[in-house]
Number of protein chains: 2
Amino acid sequence: MPPSPSELAYVPFVSVENMMGLVHQIGIEKVLCDLADAIEADFKRWELFDKTPRVASHSAVGVIELMPTSDGEMYGFKYVNGHPKNTKEGLQTVTAFGLLADVDTGYPKLLSEMTVLTALRTAASSAMAARHLAPKGARIMAMIGNGAQSEFQCLAFKAICGIDTVRLYDIDRSATVRCSANLKRHGLTIVSCTSGQEAMEGAEIITTCTADKQNATILTDNMVGIGVHINAIGGDCPGKTELHRDILLRSEIFVEYPPQTRIEGEIQQLADDHPVTELWEVISGKAKGRTDAKQITLFDSVGFAIEDFSALRYVLSAIKGTPWFSNLDMVADPDDPRDLFGMFERANQ
Amino acid sequence: MPPSPSELAYVPFVSVENMMGLVHQIGIEKVLCDLADAIEADFKRWELFDKTPRVASHSAVGVIELMPTSDGEMYGFKYVNGHPKNTKEGLQTVTAFGLLADVDTGYPKLLSEMTVLTALRTAASSAMAARHLAPKGARIMAMIGNGAQSEFQCLAFKAICGIDTVRLYDIDRSATVRCSANLKRHGLTIVSCTSGQEAMEGAEIITTCTADKQNATILTDNMVGIGVHINAIGGDCPGKTELHRDILLRSEIFVEYPPQTRIEGEIQQLADDHPVTELWEVISGKAKGRTDAKQITLFDSVGFAIEDFSALRYVLSAIKGTPWFSNLDMVADPDDPRDLFGMFERANQ
């Protein structure tokens, strides 16, 4: 009999099924609120994080990225791909998993699926930003692009910002039908629209989340009235934008990490020195958010490693005492750390 | 009942126990030979790989690194830490795991422990290099530093280069005793030595593999005779070297990837433009290896991402049809790829 791996060798692993079980047990709206708080707390201590631009491996059909960060105590990274053509082949455009490790020992402390978790953290980040930027008392959101991220966005804005009505639009009508059906039992008033223009009616928050890997104009300038908050999610890689440049010129622009957003976000359409405000500065009181009811605020979101780090730390803490993880024998841990070969030999006895 | 994840959602996972089981089933010497061949084959097509320097996150006590690469069809990365102080706390200095993914879809194809696998691939890489650089017919190797990597090195040089005698030395006598005991049943003549000088007697190959994170002088100039091959493993991070500079000046130096080795290897002691030969050029016939029986050849090895990539591809192919892996539900794969939320909702039914 091979010896059992020691406790140190085990890394808690949260599978997709276990992630869904965990979120259902806690309740998705509470999870979204908790994630928003966790991300906000980490944005407040932004300056102490080790911030590296993501490490991307591009091919003709997509990209595979590693997004590492560290707060000096924990280290985390996410693996994430982006392959827009996958959908046609019955595959996900984006899949992801992530890891947390202890900086002091380098030992992994959590491995987790992050396809579902990324959808949750992206929605929570959007709504957390809107909490600082959207017009006070906003109740109506236009949701342009009704793909895999859309329901999560709608629920996050309900739970975190108090949105009660979502106006859905997608160029693919079946996506709107599906999004609407999925949201039915979640206490939102749902209005399915047949044009982007129609979706704008009365909207105080506009979320754009489409998936084409190209410069598209999901919103034209005339569609955007004064005083709204735009939450632009879909422009998230070089050559992929959603908003007409004129909208950007009328907006106060907030970003996660300028070196990354200038390459990947809506602002790749603007001059390199176009003024933007970093969201963490608003959250920590170093910069102003919305200052005026007539202002158009734009959160040009591309996703950042710290949001994943916050989400992974939340999961590590949430799984304790639950059945929603299994233990992986992922790290060799011989009794005598210099005797790796001895451990190997004894495994054959 | 939640729906079962589809087959696409499963990623084969090789745990530490399964890795050891796999290697025992195939036989460690055959695995080392197969790995040497796999690494050599990939070094032959070196130019088509995407080569990124490793992404390191340093702290006061160690480093956590991500080492990605791709050949255009598969993408791979390794997570590896280096914490020399871990040994004193009963932990491994180095732990590692790795992943392979399909470039075309971005979907993960293999997750594997790499603590054991890294020990195997490092030993196989060393012996593969020696196959091109060591004196013909070498039979005796000095093994300086008898820590966790030492037995793997000895067996790789036996299986791949025909070494029949190893002369062991470590400043810690108990390490030599352990290494010698571990190798007892593996058909090598083992000579335990009480000094580095004694270990050198008759040695045609000298392997240095010590773990101190500092500039040390494991070999002084007078210890190294003409015609030997030096396999220097332990100098593998900034500020960590093992050989006296004078030895380097007498040697023909071979390296994996100069931009990395100039920072991490023995040659950090030399001028930035000191001539070195890339091992892949020797393997593919573009440069000469050993040209003269009196030459001192030095493989200044720091470990490179392509070696891990080769090892992971070997494991992916070797586990097929064996019980040495389990399937991880690591990637969300809804029936309709746009309906991530629907999959989440149905998991609660």
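A polar contact is a pair of N or O atoms within 3.5 Å; within protein, one of the two must be able to donate a hydrogen and the other to accept it. In this predicted model, six residue pairs meet that description between domain 1 of chain A and domain 2 of chain A, both residues being at pLDDT 80 or more.

## Inside chain A

The elements that give two or more residues to the side of domain 1 of chain A that touches domain 2 of chain A are helix H2 (28-44) and helix H10 (305-318) of chain A. H2(A) gives the most to that side, with 10 residues. Sorted by class, the residues of this side of domain 1 are 10 nonpolar, one polar and nine charged.

The domain assignment of chain A sets out the two parts: domain 1 covers 7-116 + 306-342, and domain 2 covers 126-304. From domain 1 of chain A, 20 residues take part in the contact, and from domain 2 of chain A, 25 residues. Taken over C-alpha atoms, the centres of the two domains of chain A are 26 Å apart.

Three salt bridges are counted between domain 1 of chain A and domain 2 of chain A. The model also has a salt bridge between the side chains of A:Asp37 and A:Arg131, at 3.2 Å from N to O.

## Between the chains

How many residues does the contact take from each chain? Chain B gives 84 residues and chain A gives 84 residues. On the side of chain B, the area lost to chain A is greatest for B:Arg338, B:Phe341 and B:Phe344, which together make up 12% of what that side buries.

Between chain B and chain A, 38 residue pairs are in polar contact, with both residues at pLDDT 80 or more. Helix H11 (residues 340-346) of chain B gives the most to the side of chain B that touches chain A, with six residues. By class, this side of chain B holds 43 nonpolar, 23 polar and 18 charged residues.

The count of salt bridges between chain B and chain A is 10. In one salt bridge, B:Asp170 pairs with A:Arg338, and the closest N and O atoms are 3.2 Å apart.

## Buried area

| Parts | Buried area | Share on carbon and sulfur atoms |
|---|---|---|
| Domain 1 of chain A and domain 2 of chain A | about 2,300 Å² | 63% |
| Chain B and chain A | about 7,100 Å² | 65% |

How values were computed:
Residues are numbered from 1 along each chain as its sequence is written. Chains are lettered from A and ligands numbered from 1 in the order in which they are written. This is a predicted model: local features need pLDDT of at least 70, side-chain atom pairs count only at pLDDT 80 or more; totals for chains, interfaces and linings use all residues. Side-chain values use heavy atoms; hydrogens and water are left out. Domain bounds come from an automatic or database domain assignment. Contact means heavy atoms within 4.5 Å. Buried area is the accessible area (1.4 Å probe) that two parts lose on being put together, summed over both. A salt bridge is a side-chain nitrogen of Lys or Arg within 4 Å of a carboxyl oxygen of Asp or Glu. A polar contact is a pair of N or O atoms within 3.5 Å; within protein, one must be able to donate a hydrogen and the other to accept it, and residues adjacent in sequence count only if both atoms are side-chain atoms. Helices (H or I, at least four residues) and strands (E, at least two) are DSSP runs, numbered from the N terminus. Ala, Val, Leu, Ile, Met, Phe, Trp, Tyr, Cys and Pro count as nonpolar, Asp, Glu, Lys and Arg as charged, and the others, Gly among them, as polar.
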